[in-house]
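Subject: Structure handover

Hi,

Here is the structure I promised to pass on. Please open it alongside this email.

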Amino acid sequence: MTPGNTQILIHVILPFLCGKDILARERNLKRIIKDHLETHGHQHVYTSVQSDHVHLLFFMSPHVSLSLFFKVFFRDTARELNRQEKSNHIIWNPEYFAVSCNLDELENLVRMLASQTEYHEFQSYSDELKYLLERMLETSVVAENLDIK
C-alpha cells in the first residue's frame with residue numbers, strides 16, 4: 001500500500017479512559033475509524049484494537065495539524081460509536097503517542113501491529129509506552145554523541 005499524494009506514515013497509540021467491552025465492539029470501532037480517516041482525506045492502513053488502547057497506522061497529509069486532527073477524531077469517533085451502541089460508552093484519553101514512520105518499514109509495521117494481541121498478553125499498555133519512550137531517549141543520546149562535521 002502506498003500513499004496517493006504526499007503523505008506522512010503515522011503510527012499512533014490511542015488509549016481509552018473508559019470503554020467497557022471494547023473488544024466486543026472491535027469490528028464496529030475499526031469501521032468507524034476507517035470511515036473517519038477516509039472522510040477527512042487520510043488513508044487507513046491498519047488498526048489493532050486492544051482492551052485499553054488502539055494502534056492505528058495511516059497516511060496523513062503533511063498540511064494537517066496532528067493535534068487538531070485528533071481533537072476532531074476523538075470527538076467524532078466516540079460520538080459515532082456511542083450513538084450506535086447506547087450502552088458502554090467509550091471515552092478516549094486525550095493523551096496519545098504518535099510517531100512518523102519510514103515507508104520502507106510499512107510491511108514490518110503491519111506485521112507488528114497484527115501481533116499486538118499476543119504481545120499484550122505479556123506487556124501492558126504502560127510497559128509498551130515506557131519501552132517506546134526509552135528507545136526514543138536512547139536514540140537521542142546516541143545522535144547527540146555522534147561527531148558529524
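Below are my notes on the strands and their pairing.

First, a caveat: this is a predicted model.

Strand 1 covers residues 8-18. Of its 11 residues, 8 are buried, meaning under 20% relative accessible area. Strand 1 is therefore largely enclosed by the rest of the structure.

Its partners are as follows.

- Strand 3 (residues 53-60) pairs with strand 1 over 8 bridges, in the antiparallel sense. Here Ile10 stands opposite Phe58.
- Strand 5 (residues 97-100) is antiparallel to strand 1 and pairs with it over 4 bridges. Look for Val12, whose bridge partner in strand 5 is Ala98.
- Strand 4 (residues 91-92) is joined to strand 1 by 2 bridges, and the two run antiparallel. Phe16 has Trp92 of strand 4 as its bridge partner.

Now strand 2, residues 43-49. Since 5 of its 7 residues are buried, strand 2 is also largely enclosed by the rest of the structure. Strand 2 pairs with strand 3 in the antiparallel sense, over 6 bridges. The two form a hairpin, with 3 residues between them.

Strand 3 itself pairs with strand 1 and with strand 2.

Best wishes

Conventions:
Residues numbered from 1 in each chain as written. Predicted model: local features only at pLDDT ≥ 70, side-chain atom pairs only at ≥ 80, totals over all residues. Heavy atoms only, no water. Buried < 20%, exposed > 50% of the residue type's maximum accessible area, 1.4 Å probe, protein only. Pairing = 2+ DSSP bridges.
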